Amino acid sequence: MTEKDSITLPWTVTSHSMDETRYIAASLTQLVLPGAVVLLRGEMGSGKTTLIQAMAESLDCPVKVKSPTFDLVHIYDCGAVRIYHVDLYRVQNADELSILDLPYADEGGSLVLAEWGDLLAPFYPEHFHLTCESLGPQCRRFRLDALGKAYQRRWKNWVRTQMTKKGTEA
Ligand SMILES: Nc1ncnc2c1ncn2[C@@H]1O[C@H](COP(=O)(O)OP(=O)(O)OP(=O)(O)O)[C@@H](O)[C@H]1O
Ligand SMILES: [Mg+2]
């Protein structure tokens with residue numbers, strides 16, 4: 001992570017290694033909980049699945065998260081959190097989404113993490129957007145934005161907590 005990483009929305013953070021990605025994923029998980037919808041964008045290989053795997057690991061997911069490209073959605077129960085890992089790469093239009101048994105927007109405890117998830121935006125007016133970008137073999141940039149007042153408030157609260165933590169550590 002570098003000094004160029006932003007502390008305002010959209011929040012941009014750069015990872016230079018898998019360890020850094022794991023650290024970022026754990027922070028992101030704390031930011032988006034309890035229960036949230038995160039729509040992930042980014043080219044193939046930009047790190048969407050890897051980031052979700054690390055987010056699940058940070059919640060002590062009992063099994064290794066695998067890409068749901070063929071099944072469209074995998075569900076993992078990690079303690080009090082139910083992760084819906086969605087991959088809509090193969091889905092062309094919104095009609096095909098009716099077969100997915102996804103939670104309602106305000107269903108507490110459910111964390112929807114959707115790769116190629118833009119088609120879900122109309123169903124979840126409030127959500128986080130996470131854009132992944134490859135900057136080199138070991139380097140990935142992640143950019144988070146919050147859509148909707150409640151999600152922006154969640155972001156602000158998280159920043160406040162981070163600032164307080166830093167103040168306590170100093
Ligand atoms: N710093 C890093 N953070 C995350 N992934 C990294 C990093 N450095 C290298 N990688 C590699 O980048 C690849 C990312 O692949 P991944 O499957 O997560 O991409 P994806 O965005 O889900 O692609 P797709 O759209 O095909 O599903 C992995 O092979 C991972 O090991
Ligand atoms: Mg993927």
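Modeller: From the N terminus on, the elements of the chain run β-α-β-α-β-β-β-β-β-α, which gives 3 helices and 7 strands. This is a predicted model, in which local features need pLDDT of at least 70 and side-chain atom pairs count only at pLDDT 80 or more, while totals for chains, interfaces and linings use all residues. Residues are numbered from 1 along each chain as its sequence is written, and chains are lettered from A and ligands numbered from 1 in the order in which they are written.

Colleague: What makes a stretch of the chain a helix or a strand?

Modeller: Both are DSSP runs, numbered from the N terminus: a helix is H or I over at least four residues, and a strand is E over at least two. Helix α2, for example, covers residues 48-58, and strand β2 covers residues 36-41.

Colleague: How do you know whether the radius of gyration of the chain agrees with that of a compact globule?

Modeller: The radius is taken over C-alpha atoms, and the globule rule is 2.2 Å times the number of residues to the power 0.38. With 170 residues, the rule gives a value near 15 Å; the chain has 15 Å, and therefore the two agree. Along the principal axes, the C-alpha atoms fill a box of roughly 50 × 35 × 30 Å.

Colleague: Why is L120 called buried?

Modeller: A residue is buried if 20 or more other C-beta atoms lie within 10 Å of its own, exposed if 12 or fewer, and partly exposed in between, with C-beta atoms placed from the backbone. L120 has 20 C-beta neighbours inside 10 Å, so it counts as buried. L120 lies in the loop between β5 and β6. Of the 170 residues of the chain, 32% count as buried.

Colleague: Are D60 and W116 buried, partly exposed or exposed, and what decides the matter?

Modeller: D60 has 9 other C-beta atoms within 10 Å, so it is exposed. W116 has 19 and is therefore partly exposed. D60 is placed in the loop between α2 and β3 (73-78), and W116 in the loop between β5 and β6.

Colleague: What makes a group of residues a nonpolar core?

Modeller: The members must be buried Ala, Val, Leu, Ile, Met, Phe, Trp, Tyr or Cys residues, joined through C-beta atoms within 7 Å. The largest such core has 38 residues, of which V38, M55, V112, L113, A114 and F128 touch the most other members.

Colleague: Which residues does A114 touch?

Modeller: Two residues are in contact if their C-beta atoms, placed from the backbone, lie within 7 Å. Not counting residues up to four places away in sequence, A114 touches L39, L40, V86, L88 and L120. With the neighbours within four places likewise left aside, L120 is in contact with L39 and A114.

Colleague: How do you know that β2 pairs with strand β5?

Modeller: Two strands pair if DSSP finds at least two bridges between them. Strand β2 has 5 bridges to β5 (residues 110-115), and the two run parallel; V38 stands opposite L113 in β5. Strand β2 is also joined to β6 (residues 127-136), again in parallel, by 4 bridges, with T131 in β6 as the bridge partner of R41.
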